[in-house]
Amino acid sequence: MALDPSFIGRSYPPTEPYEVGREKIREFALAIGDANPAYTDAEAAKALGHPDVIAPPTFPFAIAFRAAGQVVEDPELGLDYTRVVHGDQKFQYSRPVRAGDRLTVAVTIDNIKSLAGNDVLTVRGDVADETGEHVVTAVITLVARAADEAGE
């Protein structure tokens, strides 16, 4: 069953704050194999004009995807998550994510369309710090694969 396009524009409450820790940034940088010293060395980050270590550009995916769970789990939307694959990810930054940031994510359904029987859902997560300053917008595209003729 196709997703209802009347959900486009629906927003969900901001998440509880997520405190960005130096160790989480370091672990993420190691996991993706990025040895940029600004991710692990506070002095290197300060030399670049940052108050503390900064996170790699894809770091917000984890908190944005968790926030997108509000959309995925919305019973009114009726998304069958067992059929979902991750289609795309984009980030639009106002400033880097820094150690010590307390970030919240406000999620909005930006688009719903059908392509070749598949539902394509675009979810925008606006990430802000505790002062309300915009940090980054994460745009997540999810594809709910169409059931085959056998209904599987």
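Predicted model: local features only at pLDDT ≥ 70, side-chain atom pairs only at ≥ 80, totals over all residues.
**Strands, a helix and ring pairs: a guided look**

Residues are numbered from 1 along each chain as its sequence is written, and side-chain values use heavy atoms, leaving out hydrogens and water.

Student: What kind of aromatic pair do Phe-28 and Phe-59 form?

Tutor: Happy to start there! A pair of aromatic rings is described by the distance of the centres and the angle of the planes. For Phe-28 and Phe-59 the centres are 5.4 Å apart and the planes are at 80 degrees, making the pair edge-to-face.

Student: How many residues apart in sequence are the parts that this pair ties together?

Tutor: Phe-28 belongs to helix H1 (residues 22–32), whereas Phe-59 sits in the loop between helix H2 (42–47) and H3. Helices here are DSSP runs of H or I with at least four residues, strands are runs of E with at least two, and both are numbered from the N terminus. The pair therefore ties together parts separated in sequence by 31 residues.

Student: Is Phe-59 buried or exposed?

Tutor: Buried means under 20% relative accessible area, exposed over 50%, and partly exposed in between (1.4 Å probe, protein chains only). Phe-59 has a relative accessible area of 5%, so Phe-59 is buried.

Student: Which strands pair with S5?

Tutor: Two strands pair if DSSP finds at least two bridges between them. Strand S4 (residues 118–128) runs antiparallel to S5 over 10 bridges, with Val-120 as the partner of Val-143. Nine bridges also join S5, again antiparallel, to strand S2 (residues 84–93). The pairing strands are S4 and S2.

Student: Why is S5 described as largely enclosed?

Tutor: Strand S5 covers residues 134–144, 11 residues in total. The rest of the structure largely encloses S5 because the number of its residues that are buried is 10.

Note on methods: Phe/Tyr/Trp six-rings, centres within 6.5 Å; stacked < 30°, edge-to-face > 60°.
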